[in-house]
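Visitor: I would like to learn how to read the aromatic rings in a protein model. Could you take me through them step by step?

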Amino acid sequence: MLAYARDRRRFLLFGSRRRVGPETHRRRATVLLDSLLTLGPTFIKLGQLLSTRPDVLPPEYIDVLSALQDEVPPADWADAKAVIEDELGPVEEHFDEFDTDAISGASLGQVYRARTGDREVAVKVRRPGIEPLVEADLRVIRWSMPILMRFVDESRAFSLENLAGEFARTIREEMDYEREATMLTEIRGNFDGDDRFVIPAVVESHSGPRVLTMEYIAGTKITRVDELEAKGIDRNRIAENLERSYLQMIIDDGVFHADPHPGNLSVTDDGEIIFYDFGMSGRVDAFVQEKIVDFYVAVANQDIDAILDALIEIGTLSPEADRAVMADVMELAIQNARGQDIEQYRVQQIVGQIEDSIYEFPFRLPKNLALVLRVATVVEGVCVTLDPEFDFIATATEYLTEQGYREETVRQYVRETGDELRRSTESIVRVPPKVERTLDRIDREDLTVQIELEDPNRVFDRLAKRLIYGLLLSVGLISTAIIYAFRGPDLAVIVSGALSLLLIVVLYRSFKRGRRGIRATPQFTRQNLKRRRREE
């Protein structure tokens, strides 16, 4: 935090912003990664969440933290067995076979293979003693938040505060296996009869708040591209089906699997996508669903103004943002989503526009969209790994058209246009009498006009301060010259000169502060993926 404070003020309390390069950010991110690993399970989860939040951290941090895997050595079998028996009773009575070597170990739980009757099952057990540790860590995060808020700007503070609240809620939900079983069963029902997807069934007789038993379904990890290729599986079709599944969950069903990282997705030999681990899952309310549809339809139509309107209405874009600059940013984002190469000069041009604009970082993330953003970010990474040329917009457009959302949007537009025309007609009828009354008041010299100026960026305030500083500087210089010319006391000359010098510094800093814009390093998923592959 001390280093970050020096970035904002070179000498902590005063001085210009210190420029920090990508290598410094990357070095700090590596230190943060080591600290999160040392702090344990809760902070590993926090690091994973931060790796999907470009509204909070610079690109270099996102890149480093994205390597953070939720894999830690499993607890001793004796401790895990105690949890199972406390929930279900003796292991031997409930399972015909039980492999005591965990097949996966995560920060909050671990999974074992077992057999009950003629069915192979996966038994997920909450890590012993994890509850008090998580609660202690959440208290630390909650107490640290007021300190962190002092080191970030307003928009990032908004996102950071929402992230902390959302993280506390989701990590508690992830430890509740009864909730996970409910969400899993609901999502499984929504895909019932769809042979493109496989979701394991819950074995309710062998499950509880700390133990969850499900069908065991084997498959090939979704990012093992060579193995999928060897089995003759169409990777583009898998990527398309994966995106369609999340569009259905978020837009149509309102309940979704929120942790689609490669460890939780596999593919059967028949090309079906298997979903694992529903501990991190969420719901989308009707308003958010409607705005997400508006956003996707606007993207499908490549209507930049409609995209910006949807982002503002949903709360992710500040209404004060420069629409011209953000329109250019959205055009680049659409090019990237379509898999098109983006010229570097075009990126630098837009970054230059941002630097020349005096406005704060315009993106923020409301709490009801945190998991949705996580899904969008991680699914994109998986799909691009499967097919580097995958076109997200084409798939989304096809889905929206099939489901009738684009037609509904057109009908809604026609209805709104008709309502607007009706209101305009009514206004035309009401306007002439009002104009006549206003003209009568002007004729009687009885018209008063009240004007209020909004100045959110405090431009007039800065201008007034500069005028005052300039006047004081002029007086100080003239006073110094007069005292020196009439051979006044040396101390008076020194004091007057020092005050004038101080005013020069203050005036210079007030002008320099106004020219400082936003420094950004452009980062695009596809370009980074191609660069990494070339390096490999």
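Predicted model: local features only at pLDDT ≥ 70, side-chain atom pairs only at ≥ 80, totals over all residues.

Visitor: How many aromatic pairs does a search of the whole structure find?

Guide: A pair of aromatic rings is described by the distance of the centres and the angle of the planes. Rings of Phe, Tyr and Trp (its six-membered ring) pair if their centres lie within 6.5 Å, and planes under 30 degrees apart count as stacked, over 60 as edge-to-face and the rest as tilted. The search finds nine such pairs. One of them joins Trp77 and Tyr112, edge-to-face, at 5.4 Å centre to centre with 65 degrees between the planes.

Visitor: Which parts of the chain does this pair link?

Guide: Helices (H or I, at least four residues) and strands (E, at least two) are DSSP runs, numbered from the N terminus. Trp77 lies in helix α5 (residues 77–87) and Tyr112 in strand β3 (residues 109–116), so the pair links distant parts of the chain, 35 residues apart.

Visitor: Is Tyr112 buried or exposed?

Guide: Buried means under 20% relative accessible area, exposed over 50%, and partly exposed in between (1.4 Å probe, protein chains only). Tyr112 is buried because its relative accessible area is 1%, whereas Trp77, at 22%, is partly exposed. Trp77, Phe95, Phe98 and Tyr112 form one aromatic cluster.

Notes:
Residues numbered from 1 in each chain as written. Heavy atoms only, no water.
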